Each structure stands twice: as C-alpha cells, then as structure tokens.
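Please look first at the sequence and the model shown here. The paragraphs that follow lead through the structure step by step.

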Amino acid sequence: ISDNYVIADSATRVISESELTSLTPWQLKVARNEIYARHGREFVHKDLQCYFNAKSWYEIDPNFTETVLSSTETKNIATIQAYEQKTNSPLQSTDSGC
C-alpha cells in the first residue's frame, strides 16, 4: 500500500482475490473506487469524495463515464466487489462521511 494508492497498479494488471485478503473494509472500498478516481469520477459517498480530494493526483472530470475504463480495470472492480460481498464488508455501500 503506497501513500497514494491501495493497489497502485490496478489499472494495468489483473488483480487476484488472494491479494485482497489482507485489506481492511475501508481499504477494499478505496481500492475499488481509486480505479474510478484515476479517471476523475465524482463520488456520491462523502467519505470517498473527501478521501480522493486529498490526493494530489485526483481531479474531477465532469465528463466521466464508465466507458473510459479498460477491460483490466473493469475486471478488477468486479473482483474487489465480489470479495467485498463474499466477506460481507460493512462499508461496501455505506457512506461514513468526511
């Protein structure tokens, strides 16, 4: 885990479920959403928006659509989401605020 990313290369390589087992529910949520954040997605969840606003690399793109995601990124989002569901992650669809 680097200062800027939970999974720094999730845009360029397919990640496996085994890599996710040591992450906290918050880290899982961030790892899934940092893929979107790299493309400038604006977040409905305040906890995510506040988190990414603090990152020097994050910039909102008002024209963001999911079509900009690569097949690798789409696979990784699905892998993380499936693992969150499998482990009943309490933060998967909860906004903890700023």
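Helix axes are lines fitted to C-alpha atoms over the stretch in contact, and the angle between two such axes runs from 0 to 180 degrees between their N-to-C directions. Two packed helices are described by this angle together with the distance between the axes. The model under discussion is predicted, and these terms can now be applied to it.

The helices α1 and α3 pack with their axes 9 Å apart, at an angle of about 160°. Because angles over 145 degrees count as roughly antiparallel, α1 is described as roughly antiparallel to α3. The crossing of these two helices is left-handed. Which residues of α1 and α3 meet? From α1 come Leu28, Lys29, Ala31, Arg32, Ile35 and Tyr36, and from α3 come Glu73, Asn76, Ile77, Ile80, Gln81, Tyr83 and Glu84. An α-helix has 3.6 residues a turn, so residues three or four places apart point the same way.

Two residues in this list, Arg32 and Glu84, also join their side chains in a salt bridge, with an N to O distance of 2.5 Å. Arg32 belongs to helix α1, whereas Glu84 belongs to helix α3 (residues 71-86), so the pair ties together parts that are 52 residues apart in sequence. Both Arg32 and Glu84 are buried.

Lys29 pairs with Asp47, and their closest N and O atoms are 2.9 Å apart. Since Lys29 lies in helix α1 (residues 25-37) and Asp47 in helix α2 (residues 46-53), this pair ties together parts that are 18 residues apart in sequence. Lys29 and Asp47 are both buried. In α2, the buried residues are Asp47, Leu48, Gln49 and Phe52, and the buried residues of this helix pack against α1.

For Ile7, once neighbours within four places in sequence are left aside, the contacts are Arg13, Ile15, Leu20, Leu23, Ala31, Glu34 and Arg38.

Where is Arg13 placed? The residue is found in the segment before α1. Not counting residues up to four places away in sequence, Arg13 touches Ile7, Glu19, Thr72 and Asn76. Along the chain, Arg13 and Asn88 are 75 residues apart, and their C-alpha atoms are separated by 25 Å.

Arg13 also takes part in a salt bridge with Glu19, in which the closest N and O atoms are 2.7 Å apart. Are these two residues buried or partly exposed? Buried residues have under 20% relative accessible area and exposed ones over 50%. Arg13, with a relative accessible area of 31%, is therefore partly exposed, and Glu19, at 30% relative accessibility, also counts as partly exposed. Asp9 joins Arg13 and Glu19 in a network of salt bridges. In total, the structure holds five salt bridges; among them are the Arg13 and Glu19 pair, the Lys29 and Asp47 pair, and the Glu84 and Arg32 pair.

Definitions and conventions
Residues are numbered from 1 along each chain as its sequence is written. This is a predicted model: local features need pLDDT of at least 70, side-chain atom pairs count only at pLDDT 80 or more; totals for chains, interfaces and linings use all residues. Side-chain values use heavy atoms; hydrogens and water are left out. A salt bridge is a side-chain nitrogen of Lys or Arg within 4 Å of a carboxyl oxygen of Asp or Glu. Buried means under 20% relative accessible area, exposed over 50%, partly exposed in between (1.4 Å probe, protein chains only). Helices (H or I, at least four residues) and strands (E, at least two) are DSSP runs, numbered from the N terminus. Contact means heavy atoms within 4.5 Å. Angles under 35 degrees count as roughly parallel, over 145 as roughly antiparallel, 65 to 115 as roughly perpendicular and the rest as oblique. A crossing is left-handed if the near helix is turned anticlockwise from the far one by less than a right angle, and right-handed if clockwise.
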